[in-house]
Amino acid sequence: ENKKNDAIISLVLQRLPEKNVTLSTYQVDENYGNAYTAWKKMGSPQNLSGEQFKSLEAIGHRFRHSPDKKLTTSKGNLNYHLNLPGQAVTLLKFSW
C-alpha cells in the first residue's frame with residue numbers, strides 16, 4: 001500500500017561480478033526502532049524514570065530485518081525497486 005509520504009525507490013546496479021545476489025534489508029520506521037514514537041506513546045515525559053530511559057534506549061537499538069531475498073542479475077545488471085515509508089530509513093546490503 002502506497003501512502004502519501006512514501007517514496008518509490010528504483011536502483012540500478014551495474015557490473016556486478018556474480019549472477020546470484022543476496023539482498024539483506026534493515027529498516028527503522030515510525031513503528032519499529034523509533035524511540036521518538038515510543039516516547040510520545042509514554043506521554044512525552046520531560047523527566048524519564050530509569051525504566052523509561054532503558055526502554056527507549058533498547059528501542060533505539062532495534063531495527064526490522066526482512067528475510068533475505070535471492071536475486072538474479074541480467075548480464076551483470078540488477079534493477080531493484082522498493083517502497084520506502086515516509087519517515088523511514090533503510091539499509092540495503094547486497095552480497096554475492
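This is a short tour of the model you have open, one selection at a time.

Before you click, note that this is a predicted model, where local features need pLDDT of at least 70, side-chain atom pairs count only at pLDDT 80 or more, and totals for chains, interfaces and linings use all residues. Residues are numbered from 1 along each chain as its sequence is written, and side-chain values use heavy atoms, with hydrogens and water left out.

Stop 1: Select β2 (20-28), β3 (64-72) and β5 (89-95). Strands here are DSSP runs of E, at least two residues long, numbered from the N terminus. You're looking at an open sheet in the order β3-β2-β5, with antiparallel pairing. Two strands pair if DSSP finds at least two bridges between them. The edge strands are β3 and β5, each pairing on one side only. Strands of a sheet pair through backbone hydrogen bonds. Now zoom in on β2 and β5: seven bridges join them.

**Stop 2: a ring pair.** Three aromatic pairs are in the structure (rings of Phe, Tyr and Trp, using the six-membered ring for Trp, with centres within 6.5 Å; planes under 30 degrees apart are stacked, over 60 edge-to-face, the rest tilted). Show Tyr 80 and Phe 94: their ring centres are 6.2 Å apart and their planes sit at 85 degrees, so this pair is edge-to-face. Tyr 80 is in strand β4 and Phe 94 in strand β5, so the pair ties together parts that are 14 residues apart in sequence.

**Stop 3: two loop residues.** Most residues other than glycine have a negative phi. Go to Arg 15, in the loop between β1 (7-13) and β2, and you'll find a positive phi near 60 degrees. Arg 15 counts as exposed, at 78% relative accessibility. Next, pick Gln 87 in the loop between β4 and β5. Gln 87 also has a positive phi, near 60 degrees, and counts as exposed at 73% relative accessibility.

Note on methods. Helices (H or I, at least four residues) and strands (E, at least two) are DSSP runs, numbered from the N terminus. Buried means under 20% relative accessible area, exposed over 50%, partly exposed in between (1.4 Å probe, protein chains only).
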